[in-house]
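Trainee: I would like to go through the terms used for this model and see what each one rests on.
Mentor: Put the structure up and ask.

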Amino acid sequence: MSSSTPTRNTNSSASGTRSKQSANSGAATSSTNTDHLGQIEAINRSMGVIEFELDGTIITANDNFLGLLGYTLEEIQGKHHGMFVDEAFRASPEYKQFWEALNRGEYQAAEYKRIGKGGKEVWIQASYNPIYDTDGNLVKVVKFAADVTNQKVAQITALAEVNRLVDSIQNGKLDDRADPEKAEGDFKKLLQGINELIDAFVGPIGVTADYVDRISKGDIPEKITDEYKGDFNEIKNNLNQCIDVMNGLLEETNNLVQATRDGKLQTRGNAEQFGGGWGELVGGVNTLIDAFVGPINVTAEYVDRISK
């Protein structure tokens, strides 16, 4: 009785393995393609998308982009990207270099001003993406754009208000303030903050100007008691010191007047109590008193001698 050993069909097994691997690879590829398509659909729903030939000729655009610029596809297809920029920029070296960079495969992204239908000014945050085929050849440029017109207009408005305020302050118009209602969002908060900053400067400056004006007119005010910080506090202290000096001068003068009325002709002001020009002023008053008292003393001596 003969026996036989079963043989395994290795070709069949290998074929099955390859089929399984192929199926797995196909499933992975299908999953990746589905993921890519999903990403593309999401971008198309949320952003403006437009495609260009390498020379800037428009191939196609989605509804978001068309709505943003106010055109239909038929109005822009086959025309050059230059229709979206102003004439001066279109003729500039920068615009030429922009397309040269894209043709070298260099990605471009920034905030751009674009001109829509009827001359409408539109601001976009956009990226220009060079696209390659499977052989590594550069074939087109795809732009993804988001509308930032409202934010940009708010920024421009806020900047104009700031520049206007700078001009006003430089011309001494310290009562001028920005109008926050001309801006929105964070730019509105910025203008409000600038107004508060100006108030923080103008308040102490206004007090200083008022006090200097009063002192120059002989109206010595009360010392400043409001609380200030930093350099403003130093200004306050200097003004208060000035007030102390002026009050001291008035007191010294009053004492001299009273002494003279009381016949105390030897009384003099204390010039050393005051510094600088104020001390010289008191010294000058003393000299003036000497000019009067000298002859008076001589007269008194002569009268006394004659009376005897």
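Trainee: Why is Asp86 called partly exposed?
Mentor: Asp86 has a relative accessible area of 29%. Buried means under 20%, exposed means over 50%, and partly exposed is in between, with a 1.4 Å probe and protein chains only. The value for Asp86 is 29%, so Asp86 is partly exposed. Keep in mind that this is a predicted model, in which local features need pLDDT of at least 70, side-chain atom pairs count only at pLDDT 80 or more, and totals for chains, interfaces and linings use all residues. Residues are numbered from 1 along each chain as its sequence is written, and side-chain values use heavy atoms, with hydrogens and water left out.

Trainee: What makes the contact of Lys113 with Asp86 a salt bridge?
Mentor: The term requires a side-chain nitrogen of Lys or Arg within 4 Å of a carboxyl oxygen of Asp or Glu. In the pair Lys113 and Asp86, the closest N and O atoms are 3.8 Å apart, so the pair qualifies. Lys113 sits in strand β3 and Asp86 in the loop between α3 and α4 (87-90), so the bridge ties together parts 27 residues apart in sequence. Lys113 is partly exposed, at 31%.

Trainee: Which residue forms a salt bridge with Lys117, and what parts of the chain does the pair link?
Mentor: Glu75 is the partner, with the closest N and O atoms 2.7 Å apart. The pair links distant parts of the chain: Lys117 is in the loop between β3 (108-115) and β4 (121-132), Glu75 is in helix α3 (residues 73-76), and they are 42 residues apart. Lys117 has a relative accessible area of 41% and Glu75 one of 26%, so both count as partly exposed.

Trainee: How do you know that α3 counts as a helix?
Mentor: Helices are DSSP runs of H or I with at least four residues, strands are runs of E with at least two, and both are numbered from the N terminus. Helix α3 covers residues 73-76. By these rules the protein chain has 9 helices and 5 strands.

Trainee: What makes Arg214 and Asp219 a salt bridge?
Mentor: Their side chains meet at 3.0 Å, N to O. Arg214 is partly exposed at 26%, and Asp219 at 36%. Elsewhere, salt bridges that share partners join Glu161, Arg164, Asp176 and Lys182 into one network. The whole structure holds 14 salt bridges.

Trainee: How many residues of each class are in the lining of the largest cavity?
Mentor: The lining has 7 nonpolar, 1 polar and 1 charged residues. Ala, Val, Leu, Ile, Met, Phe, Trp, Tyr, Cys and Pro count as nonpolar, Asp, Glu, Lys and Arg as charged, and the others, Gly among them, as polar. Among the lining residues are Thr208 and Lys236; Thr208 is therefore polar and Lys236 charged. Helix α8 gives the most to this lining, with 4 residues.

Definitions and conventions
1 Å grid on protein atoms, 1.4 Å probe; cavity = no way out; pocket = protein on both sides within 12 Å on 5 of 7 lines; lining within 4 Å.
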